[in-house]
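Here are a few friendly notes to read alongside the model.

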Amino acid sequence: MGADWVQFGVLGPLRITGATGDLPLNARKIRTLLAVLLVRADQSVTVDQLTDEIWGARAPRRATASLHVYVSQLRKLLPGGEHGGLIQTSSSGYQIHVEYGDVDLHAFRDGVERGRALARDGHHELAFDLFREMLDLCRGPVLADLQESPMIRAFTTWLDELRLECTELMIDCGLTIGRHRDLISLLQSLTVQYPLREDFYRQLMLALCGAHRRSEALDVYRTARRVLHEELGLEPCAALRDLHQAALRGDEPLLLAHRHPLRETA
């Protein structure tokens, strides 16, 4: 990499890293501008859209002039300087051009898909390690200080779902290769953090059964049923009910059949 290379991080707080380390970008409105351009990388974002994302209904009278100043300041920070470089002017607004791999999101999405392929081919241990590596890329709440932007909120919702899916895939692979005890603590935390996500209850029941803690697995089902009934007025899904019956009977073949490490691509 040359001295003018730069990489962007969106799997947590916004991060810009250059050849000498992280680049300073403290002004929230300029951070919002960059984050919106990255979310829509290689697509033009109009001046009106950027104004709405940065100021919402509180845009000042000279918002357009201020936006041009923010773009100029951002260009000075990035390779290419003020007259060209990554941020380009389009007929209606601005867009940022990033090479593949310049944003940490690219590695994350690729890793999840490679993990799927490994699991599909029966390489569950390799898939488990890869999914875990991808989750390590997630540095915390996504763009947490920029959630006033609707575009960033929508992106955060999508990325959080992909991260949870990666977590579920990793755990399924872990159960398949027999890491039941290692996963129990993580799953206990996940069922508390995401009490309406039935897959985490399923996985926790399987982990407990695999660790010869069947009575605790039955307690998990009772908790899931109570929470779902109180919050949604629903009974657990058929897969969870079937797993409960298998746990009651100690039906090992049926318990094994409930492990499905490969999911369809969303």
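**Notes on salt bridges and a helix pair**

1. Asp-22 forms a salt bridge with Arg-15, with 4.0 Å between the closest N and O atoms. A salt bridge here is a side-chain nitrogen of Lys or Arg within 4 Å of a carboxyl oxygen of Asp or Glu. Asp-22 counts as exposed, at 53% relative accessibility, while Arg-15 is partly exposed, with a relative accessible area of 36%. For these words, buried means under 20% relative accessible area, exposed over 50%, and partly exposed in between (1.4 Å probe, protein chains only).

2. A word on the basis: this is a predicted model, in which local features need pLDDT of at least 70 and side-chain atom pairs count only at pLDDT 80 or more, whereas totals for chains, interfaces and linings use all residues. Residues are numbered from 1 along each chain as its sequence is written, and side-chain values use heavy atoms, leaving out hydrogens and water.

3. Please look next at Asp-129 and Arg-132, whose side chains meet in a salt bridge (3.3 Å, N to O). They are three residues apart in helix 5 (residues 124–136), and so are separated by about one helical turn. Helices are DSSP runs (H or I, at least four residues), numbered from the N terminus. Asp-129 is partly exposed at 32% relative accessible area, and Arg-132 is also partly exposed, at 38%.

4. Glu-165 and Arg-116 form a salt bridge too, the closest N and O atoms being 2.1 Å apart. Glu-165 lies in helix 6 (residues 150–176) and Arg-116 in helix 4 (residues 104–120), so the pair ties together parts that are 49 residues apart in sequence. Both Glu-165 and Arg-116 are buried. Shared partners join Glu-113, Arg-116 and Glu-165 into one salt-bridge network. Across the whole structure, the search finds 16 salt bridges.

5. How do helix 8 and helix 10 pack, and at what angle? Helix 8 (residues 198–210) and helix 10 (residues 238–249) pack at about 15°, with axes 10 Å apart. Axes are lines fitted to C-alpha atoms over the stretch in contact, and angles run from 0 to 180 degrees between N-to-C directions. The two helices are therefore roughly parallel (angles under 35 degrees).

6. On the helix 8 side, Glu-198, Tyr-201, Arg-202, Met-205, Leu-206 and Cys-209 meet Leu-240, Leu-243, His-244 and Ala-247 of helix 10, contact meaning heavy atoms within 4.5 Å. By class, this contact has seven nonpolar, one polar and two charged residues. Ala, Val, Leu, Ile, Met, Phe, Trp, Tyr, Cys and Pro count as nonpolar, Asp, Glu, Lys and Arg as charged, and the others, Gly among them, as polar.

Conventions. Parallel < 35°, antiparallel > 145°, perpendicular 65-115°, else oblique.
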